[in-house]
Amino acid sequence: MADLLLSSHRRYNPLTGEWVLVSPHRTLRPWLGQTEAPPGSPSVAYDPDCYLCPGNMRANGERNPAYDGIFVFDNDFAALRQDAPGGQVDIGGLIRAEGEPGLCRVICVSPRHDLTIARMQLPEIRKIVDIWGAQYRELGGLDGINSVQIFENRGAMMGASNPHPHCQVWASRGIPNETAKEGRAQSEYRNGQGSCLLCDYLALEEKSADRIIYRNDHFAVLVPFWAVWPFETMILPRRHMGALDELTDGEATALADAIRCLAIRYDNLFEAPLPYSMGFHQRPTDGLSHPEWHWHAHYYPPLLRSATIRKFMVGFEMLGSPQRDITPESAAARLRDVPDAHYAGPR
Ligand code: H2U
Ligand code: ZN
């Protein structure tokens, strides 16, 4: 196995059934392409022009309350609407469409414009975990909502429209592609093996420890064997559970701890706030029990080897398979080796 992993090889992602090409010999290639401005952090705790800050006016003319904790509101420009008509179009099985009702919310996770999760204290992050669980339960409990996607886009490079710390929830009738793929794979694995795909995977990772970055009593943070993005990670509960609403009190705090630890290490990697998209994959809320589902978080940062060089998914990756140069094992080692206190010091 060791020899194979030193040269070009491809790795299988059992959660999606897809392959990633790994080219460890290619890490030294020169870069004369596009570079990005290093990601910065806002310096003011309150920005009068921010549409997410407490007391400010949003784009639709509504005013935010003077909130001092977490503030959740219906997205004024929701991608999914509850009044979308149902029904289907099907022309010869090749031209197909379905009505997609749903709803979108925005969660401001702090009143402070300049705060990020990496700079928050454990009890502050614990409150966000509780809100995520409550949103999953509430929206998932609505008639006709079969999937609840919670995610955070952080940094302009990842398309965040505003540096104010916030995340989003999109709840839909249909099961989105990534969740559907992972659901099918977990179901097939369970039918074939009689056990859970991610419980079995985590047991293997805990044995070798090559790709584990951090572990506490209830969670493991790791670079998956099949990672596509250079510093892609997953947070996995060490106990089998389908969704955030099953967390015990101790587990919710342990999740907050894992999130905080990862956020600090990410920022410490290039001593800059690391941009990323993160989100949770959880059991569908279609009323079925889904014993195959093991919920988890994915983090996808776009940066490659410095705060100013990003990875692009182009060429072979668009037309063939994704490809990476630095191995998941070396990415994990780098994330393990950075200090566990934030580079910017206490806030
Ligand atoms: P992103 O930064 O991840 O794009 O999230 C911000 C969301 O906030 C975005 O979906 C919504 C946008 O539609 N928004 C409002 O609901 N009201 C506003 O006044 C501006 C932005
Ligand atoms: Zn703000």
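In the predicted model, F151 is buried, with a relative accessible area of 16%, a value that falls under the 20% limit for burial. The ring of F151 is paired with that of W170: the two centres lie 5.7 Å apart and the planes meet at 70°, so the arrangement is edge-to-face. Because F151 belongs to strand 7 (residues 147-154) and W170 to strand 8 (residues 166-172), this pair ties together parts that are 19 residues apart in sequence. W170 itself is partly exposed, at 33% relative accessibility.

In total, the structure holds twelve aromatic pairs. Ring pairs also join W132, F219, F280 and W295 into a cluster. R10 lies over the face of W19, 4.0 Å from the ring centre, and R310 lies over the face of F312 at 5.3 Å from the ring centre.

A buried position is also found at V221, in strand 10 (residues 219-222), where the relative accessible area is 1%. Its contacts, leaving aside residues up to four places away in sequence, include R211, I212, I213 and Y214, as well as M234, I235, A258 and L262. The C-alpha atoms of V221 and T233 are 6.9 Å apart in space, while the two residues are twelve apart in sequence.

L94, by contrast, counts as exposed, at 77% relative accessibility. This residue is placed in the loop between strand 4 (88-91) and strand 5 (95-98). Together with V89, I91 and I95, L94 makes a nonpolar surface patch of about 430 Å².

Note on methods. Residues are numbered from 1 along each chain as its sequence is written. Chains are lettered from A and ligands numbered from 1 in the order in which they are written. This is a predicted model: local features need pLDDT of at least 70, side-chain atom pairs count only at pLDDT 80 or more; totals for chains, interfaces and linings use all residues. Side-chain values use heavy atoms; hydrogens and water are left out. Patches are made of residues with over 30% relative accessible area and no salt bridge: like charges are joined within 9 Å, nonpolar side chains (Val, Leu, Ile, Met, Phe, Trp, Tyr) within 5 Å. Accessible areas come from the Shrake-Rupley method with a 1.4 Å probe; for residues, only the protein chains shown count as cover. A salt bridge is a side-chain nitrogen of Lys or Arg within 4 Å of a carboxyl oxygen of Asp or Glu. Helices (H or I, at least four residues) and strands (E, at least two) are DSSP runs, numbered from the N terminus. Buried means under 20% relative accessible area, exposed over 50%, partly exposed in between (1.4 Å probe, protein chains only). Contact means heavy atoms within 4.5 Å. Rings of Phe, Tyr and Trp (its six-membered ring) pair if their centres lie within 6.5 Å; planes under 30 degrees apart count as stacked, over 60 as edge-to-face and the rest as tilted. A charge sits over a ring if NZ of Lys or CZ of Arg is within 6 Å of the ring centre and within 35 degrees of the ring normal.
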